[in-house]
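Let's take a friendly walk through a protein chain together, stopping at a few spots along the way. Have a look at the model below before reading on.

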Amino acid sequence: MFEDRPNRDAEVVLVGRSNVGKSTVMRDLTGHDVSTGGKPGVTRQPNHFDWTAQDFMFTDLPGFGFMSGVEDERREQIQTDIVHYLEEYADHILAGVLVLDGNSAVEIIDRHADRGEVPHDVEMFGFLREVGIEPIVAVNKMDKVDDEDERLNAICDRLGLYPPWQQWQGETIAPICAKRGSMEPLYECLRTRFHEAKRDDLLGFVS
């Protein structure tokens, strides 16, 4: 997972469960299609997108969590590789974008919690903070959600963020629909991160 990383000092990474739409989010951010495997768990390496004139790149890390037809050992290795990548390059990562499926995230989190497990999304959100990467939560597929406020408040609650979700708007919570190109809330959060990092030279990537 480290061998083909471009030599860039600033980075935004996308993380999330399989099938949440990370590749579509990445396409909207970069303007490039992201090649993926034919089924979840096939893609094991990060997809990096960098620009010659800029010391910056977007990175789409492999999906984690349950993947149909993927052995537990392989799935756990993917998650371990993601953790090692984030630990290794935390000082260079300006933002860690945790992509959730707004239509199913709450149910998935609750199902794992009811079994006494730490849900993967909650674990990843906490881990990003632990290594010094303040997360942005891109809640994707919001076109399939009937009550936006109720759903976003529930997601905040599961992640340990005090509702209402609007107080995290523009900084941490970004309701989007990548398939329809509705990405402005994520762009706003990324602009905030770039400005806080004194990297206003990168604002053109999210304008």
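**A walk along the chain**

Proline 164 has its place in the loop between H5 and strand S6, the latter spanning 173-175. Keep in mind as you look that this is a predicted model. The peptide bond leading from proline 163 to proline 164 is cis, and its omega is near 5°. That deserves a second look, because most peptide bonds are trans.

Now go to helix H5 itself, which covers residues 148-159 and includes aspartate 149. Is aspartate 149 buried, partly exposed or exposed? Its relative accessibility is 37%, so aspartate 149 counts as partly exposed. This residue also belongs to a negative surface patch, formed by Asp146, Asp147, Glu148, Asp149 and Glu150.

Next, move to the segment before strand S1 (10-16), where you will find arginine 8. Arginine 8 has a relative accessibility of 17% and therefore counts as buried, since the cut-off for buried is under 20%. A polar atom of the arginine 8 side chain lies 3.2 Å from the backbone oxygen of glutamine 54.

Finally, let's turn to backbone angles. Most residues other than glycine have a negative phi. Asparagine 19, in the loop between S1 and helix H1 (22-30), has a positive phi, near 70°. With a relative accessible area of 59%, asparagine 19 is exposed. Lysine 198, in the segment after helix H6 (184-196), has a positive phi too, near 60°. Its relative accessible area is 72%, so lysine 198 is exposed.

Definitions and conventions:
Residues are numbered from 1 along each chain as its sequence is written. This is a predicted model: local features need pLDDT of at least 70, side-chain atom pairs count only at pLDDT 80 or more; totals for chains, interfaces and linings use all residues. Side-chain values use heavy atoms; hydrogens and water are left out. Patches are made of residues with over 30% relative accessible area and no salt bridge: like charges are joined within 9 Å, nonpolar side chains (Val, Leu, Ile, Met, Phe, Trp, Tyr) within 5 Å. Accessible areas come from the Shrake-Rupley method with a 1.4 Å probe; for residues, only the protein chains shown count as cover. A salt bridge is a side-chain nitrogen of Lys or Arg within 4 Å of a carboxyl oxygen of Asp or Glu. Lys and Arg count as positive and Asp and Glu as negative; His and the chain ends are not counted. The place of a charge is taken as NZ of Lys, CZ of Arg, CG of Asp or CD of Glu. Helices (H or I, at least four residues) and strands (E, at least two) are DSSP runs, numbered from the N terminus. Buried means under 20% relative accessible area, exposed over 50%, partly exposed in between (1.4 Å probe, protein chains only). A polar contact is a pair of N or O atoms within 3.5 Å; within protein, one must be able to donate a hydrogen and the other to accept it, and residues adjacent in sequence count only if both atoms are side-chain atoms.
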